[in-house]
Amino acid sequence: MDKNIADIYKAILELSWRFGNHGFNGKCCGDLSLVEFMALKKIQESNEITIQEVGNAINFTKSGASKIIDRLEKKGYVVRMNSPADGRVCCVLTTDKGKETVAGIMENYTLYLDDVLKGIDPQQIGQIRETLIMLVDTLQKNQPFNLITDI
């Protein structure tokens, strides 16, 4: 195996740790877990999204996504509604509280990164941005593998 690939994987793990619940003294995103935040962010980015689509976006089953949405709904971040286009379809919408929360979390992380990266050359920051975007795009285009059966 290419050592670079192993190093990339280790770096991704470290980033996940630092930006997850453990990296900010147990508080990733206010009263949201990282997965709840990611689901809320996906819901906010869509005008009209179904529970199944939320699950697909965060690589969860519909049942798993439904449980996450239940928690978000109890916290007042989202509401379920019937689709205006097809009343048989249940959609999830972000409440004003949800929108404000996502905006606040995104701003806090952006300010944090700005502070952490302030000593790095702006050209290098652009390269980091491009590389991360390329990595995320590549990961999104490929189906995740099943760790139990594929390793």
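Guide: In this predicted model, the side chains of R80 and E73 are joined by a salt bridge, with 2.6 Å from N to O. Both partners fall in the middle class of accessibility: R80 is partly exposed at 25%, and E73 is partly exposed at 30%. The total for the model is 8 salt bridges, and a few others can be set beside this pair.

K118 and D115 also meet in a salt bridge, with an N to O distance of 2.8 Å. Here K118 is exposed, with a relative accessible area of 63%, while D115 is partly exposed at 44%. Another arrangement is a network, in which salt bridges link E36, R71 and K75.

K41 forms a salt bridge with E45, and their closest N and O atoms are 2.7 Å apart. The two residues are 4 positions apart in helix 2, so about one helical turn separates them. K41 has a relative accessible area of 19%; because the limit for buried is under 20%, K41 is counted as buried.

What is the nearest side chain of opposite charge to K42, which is buried yet has no salt bridge? That side chain is E45, at 4.2 Å. K42 lies in helix 2, residues 34–45. Beyond its neighbours within four places in sequence, K42 is in contact with I49, A57, I58 and Q140.

N59 is exposed, with a relative accessible area of 57%.

How many disulfides does a search of the whole structure find? The search finds 0. The sulfur of C90 has its closest cysteine sulfur in C91, at 6.7 Å, so the two are too far apart for a bond. Their accessibility is given separately: C90 is partly exposed at 29%, whereas C91 is buried at 3%.

A nonpolar part of the surface can be set against the charged pairs. M1, I5, I8 and I12 make a nonpolar surface patch of about 430 Å². Of these, I8 is placed in helix 1, residues 3–19, and is partly exposed at 41% relative accessibility.

As for the whole chain, there are 7 helices and 3 strands, in the order α-α-β-α-α-β-β-α-α-α along the sequence. Of its 151 residues, 23% count as buried. The accessible surface comes to about 10,900 Å², with 57% of that belonging to carbon and sulfur atoms. Among contacts with a separation of 6 or more, 47% are between residues 24 or more positions apart.

Terms used:
Residues numbered from 1 in each chain as written. Predicted model: local features only at pLDDT ≥ 70, side-chain atom pairs only at ≥ 80, totals over all residues. Heavy atoms only, no water. Patch = residues over 30% accessible without salt bridge, like charges linked within 9 Å, V, L, I, M, F, W, Y side chains within 5 Å. Areas by Shrake-Rupley, 256 points an atom, 1.4 Å probe, with all protein chains shown as cover. Salt bridge = Lys/Arg side-chain N within 4 Å of Asp/Glu carboxyl O. Buried < 20%, exposed > 50% of the residue type's maximum accessible area, 1.4 Å probe, protein only. Contact = heavy atoms within 4.5 Å. Disulfide = S-S within 2.5 Å. Lys, Arg positive; Asp, Glu negative; His and termini not counted.
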